[in-house]
Number of protein chains: 4
Amino acid sequence: MVVVKANEIQAQLQQWVEECLPWAEKGETAGYIPALDKVPRDILGVAICDLEGNVVEAGDSDFEFSLQSISKVFTLLLALEDHGPEVVFNRVGMEPTGDPFNSIAKLEYLRPNKPLNPMINAGAIAVCDLIKGNNIEEKFDRIRNLVRKLANNPHIDLDQKVYFSEKQTGHRNRSLAYFLKDVDRLDGDVEDTLDIYFKQCALTVCCRDLAYMGAVIANGGKLLETGEQVVRPEYCRMAKAFMVTCGFYNGSGQFAVEVGIPAKSGVSGGILSSIPGRMGIGVVGPALDDKGNSLSGEMLLAKMARHWNLSIFV
Amino acid sequence: MVVVKANEIQAQLQQWVEECLPWAEKGETAGYIPALDKVPRDILGVAICDLEGNVVEAGDSDFEFSLQSISKVFTLLLALEDHGPEVVFNRVGMEPTGDPFNSIAKLEYLRPNKPLNPMINAGAIAVCDLIKGNNIEEKFDRIRNLVRKLANNPHIDLDQKVYFSEKQTGHRNRSLAYFLKDVDRLDGDVEDTLDIYFKQCALTVCCRDLAYMGAVIANGGKLLETGEQVVRPEYCRMAKAFMVTCGFYNGSGQFAVEVGIPAKSGVSGGILSSIPGRMGIGVVGPALDDKGNSLSGEMLLAKMARHWNLSIFV
Amino acid sequence: MVVVKANEIQAQLQQWVEECLPWAEKGETAGYIPALDKVPRDILGVAICDLEGNVVEAGDSDFEFSLQSISKVFTLLLALEDHGPEVVFNRVGMEPTGDPFNSIAKLEYLRPNKPLNPMINAGAIAVCDLIKGNNIEEKFDRIRNLVRKLANNPHIDLDQKVYFSEKQTGHRNRSLAYFLKDVDRLDGDVEDTLDIYFKQCALTVCCRDLAYMGAVIANGGKLLETGEQVVRPEYCRMAKAFMVTCGFYNGSGQFAVEVGIPAKSGVSGGILSSIPGRMGIGVVGPALDDKGNSLSGEMLLAKMARHWNLSIFV
Amino acid sequence: MVVVKANEIQAQLQQWVEECLPWAEKGETAGYIPALDKVPRDILGVAICDLEGNVVEAGDSDFEFSLQSISKVFTLLLALEDHGPEVVFNRVGMEPTGDPFNSIAKLEYLRPNKPLNPMINAGAIAVCDLIKGNNIEEKFDRIRNLVRKLANNPHIDLDQKVYFSEKQTGHRNRSLAYFLKDVDRLDGDVEDTLDIYFKQCALTVCCRDLAYMGAVIANGGKLLETGEQVVRPEYCRMAKAFMVTCGFYNGSGQFAVEVGIPAKSGVSGGILSSIPGRMGIGVVGPALDDKGNSLSGEMLLAKMARHWNLSIFV
């Protein structure tokens, strides 16, 4: 990874960051997770990484934040590597929902009672349960290792405060997990599976990490410098498809129509983008819209997509 | 449009058609529309059209069928041209639903009560209501004209039998339309709007027409031979995004994850595909899966996407 | 029928009317039916009728209003007389819903797709479709005749203005009816069935009529003076059960728990009560609570039930 | 309590038991609670108790079974005594639902997110949370004491096997409870509240106990022999209203329409009935219909209601 500084692209990014930052005022940080509630709203950082590993950054690109829902992409990739698509998609569907990320109603109404996709909480918890390992430590280690490898950053680790905060207040996720247990969509112990889930959500990164991971996924799962194939290309392809159809909770459609790039957001304000064959983008802006997506982050991505023609629909 | 015959590509397509045809046996024609119920199941046709207008066909490519839900793409484009995105998306949302195409429950539960997207029936009816014109004849004429222009085929017209059949039995669509009227999402007369909707669904095409239209949309709305800009590029981009997130009813996610090309299906068995910057594809196979999509048609597109690397997520 | 005047009971009723009238200020008339929107809010009338036919009135007991949902009780009785319970409850369920009176979502979710009970709009429309007769005039005549007979009032007729108003603006009811047609729960022509439904809703009565009808139902279907058995006792029993479980839309439970008498309300502000073996009560107060029930009417009934020990749960 | 033997009524009851027993073959025991799954299906017992405390029994009236959902009546009564109706009905609604007893969807859809009534699982768990006491032992003791007092049987206690079985497999109830916690409808610790809930469900009784309790409730909360007022009459009245509108899960409406007596069933096959001013009835028949109610038990009550004119709607 080569961090390129002070060039034209950097200046352009910096200008856009300044233009988009005011949107943060219209949003709110994720109040329902106590540890996230105290984060300042007026932060906006971005990093881009091309497929050779050249990185350009602007704004608060050093700001560290937890992956939250962005982690769902990586556990999906690991579960696919562990079991293949047939097993995974027997446990969780492939359809976007139109419902909020923490909705439970469709789990009850639909037959079979399986979560509609791996990007909503219920689906991600079900996917967590599939990760191989002899115990929860081993399972979580394997997730963390994949994240570290994809980000080319061996220092990524979980934020204990965020982890404890979510473990303590994650009543809705417990409700979803026990429902899954009741309808036989969870093999493991419910609290163990939730523990892995809360831990993966608390893995802490910065924009640079997201940009690099996005570039590796854009590169079909091959590490940028060594060319090592960490994840199969077809699983990276699937991940990008889910990022388009389900990456922004019940705001996914709008982002696809208006911006048109594969991306996954998290309630910490981070967004991971992966432009097939071109680059990865990492963004963070903790102020969220009413669907849980970074307001200024979406604005910034929209600007980049428009000016650099990044939409996959053109 | 130049129809290219008996070359290598044609031979390849023909072979794939033969390999995919047997899937039709597992499907059913759309029994709920009497006029469609009598169509033979063992039909499979395909046509592709590159951005220069070269067309290659195979199988039952001359078979004529009604557009059905594929027409939703064209009324959306016309409504966008008539009013711009702000007005259109004030009337209808941009989110995929996870519900069947004719579902009404979300219209009641969600606030505001607007159809989640223009590709489900409720949304398409709401979009119909936006088409400009002094009366229903004029409105329908404008839709037909757009379809003819995009297909480079001035002979496209409605199948009276299909139109009457749906007009007579379209109780669910009436239920949706009166619900929209009740929640103030329909300005015009309900029966008038439904009449336009039933007519656009009954417009009759063959695979060649779909392929050409798909190519024009892939070309950003410029006619292939004359370069005339019929629809704005950004609206074509939006249409392709909807085709990915909502093109196959509540099977859209699976098609995006497994095949990954913008496409819109109809219950007549037709599928319109538009590969950005590359080509259009028209497919027809009247035997449907349980979500209303052409079974052998999906198989054929999956084969083409895999062998020709058509996925937009690679 | 003997109207008893100026006795002690009358004085008591008059006092309660005056005490309850102020509640009307907190309610609204049914704005969604134009003809009902213009009714003054500060009306409150009551009449009681014992099983010998002695009637006592107070307040605006001469005020005339349309039956609206109260008519659902009478078409249910007539359908039961026409076909017996097996046929009727094959078409419509017996369960309270917890949903608003005009809800459509459960029609889609539940299997079989039948309206949960005959007191919600969808169920009442389905019951209308069962009424015997060679044409809609004959069918409506039979309903009107039953109402006249039960009320001992041959002058009861429909209010043309209310009928036209609802026929013109009844989009939600049309939506429900076409949905029923789509799921094969309606044999007749949709508009014909709706016409009967709108007409029965527009039948105009005063409190005295309601009180008398309530008394006949309380009397097991026998006319008070002649003893003629107009409706079978077991059907009257069923009607009273429905009045308790479903008589106040999604406020039925609260009325059962707090007041505890069989009663059916209508959005015109009328309430029909039938105390088994004791009396009938008719009330009218056009200002409604947010569930569509007469606010001051409920208050008045609660007062009467408490002071006279009318609850069937004591 | 005087158990009357070998008289005419006893003979009549015994005959009805024999006539209704065969219905058990069409039902199933509650397979989802392992401890209940092993119970023989061909059991049917009944006891009646008049307001003087005279008891007549027939069939398997000595068979012991756990209260299960019948316990919801008693915790409701205790919560009402502890806090009064305003507090209780601020936590839980009064409306029947039309949904299964363990449904969670409405908790998400409805605003405010409160359980619709205290007779569904979510509502009963919310009511449990209201019971006064310094710790869960004290709270449960108070529930058990009320049950013992109402049944005039100081030996009633919990079945440890049933309790452990439900505690271990009660994933759906955990899902409901954590959902309630998430929407701030549960003050206490979730597992503590569930522990009380599972314990109250496991309290073990026989038909005689149910009959006596039903008689005390029918008697307005006064003990039959001593006349001690254990529960206020208005709370008994409310309990009987809930038994009519919500006593048989989503089969409550049908039982009200066809039988018409206040009764509460449990998945152990028990049914508690309370005929205002007349008697209590206890029934047990472990084979359930598809809604979770005792099949032969319902048949037996229907027979008794018809022959003895017990319906409160006559």
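**Entry 1: D:Tyr249.** I looked up D:Tyr249 in this predicted model and found it buried, because 27 other C-beta atoms lie within 10 Å; a residue is buried if 20 or more other C-beta atoms lie within 10 Å of its own, exposed if 12 or fewer, and partly exposed in between, with C-beta atoms placed from the backbone. D:Tyr249 sits in the loop between helix 12 (233–246) and helix 13 (252–258) of chain D. I noted that its phi is positive, near 55°, in a residue other than glycine.

**Entry 2: conventions.** The model is predicted, and local features need pLDDT of at least 70, side-chain atom pairs count only at pLDDT 80 or more, while totals for chains, interfaces and linings use all residues. Residues are numbered from 1 along each chain as its sequence is written, and chains are lettered from A and ligands numbered from 1 in the order in which they are written. Helices are DSSP runs (H or I, at least four residues), numbered from the N terminus.

**Entry 3: B:Asn309.** B:Asn309 lies in the segment after helix 14 (295–308) of chain B. I recorded B:Asn309 as exposed because it has 10 C-beta neighbours inside 10 Å.

**Entry 4: chains B and A.** I found 28 residues of chain B in contact (C-beta atoms, placed from the backbone, within 7 Å) with 28 residues of chain A. On the side of chain B that touches chain A, the elements giving two or more residues are helix 12 (233–246) and helix 13 (252–258) of chain B. Helix 12 of chain B gives the largest share of that side, 7 residues.

Methods
Contact = placed C-beta atoms within 7 Å.
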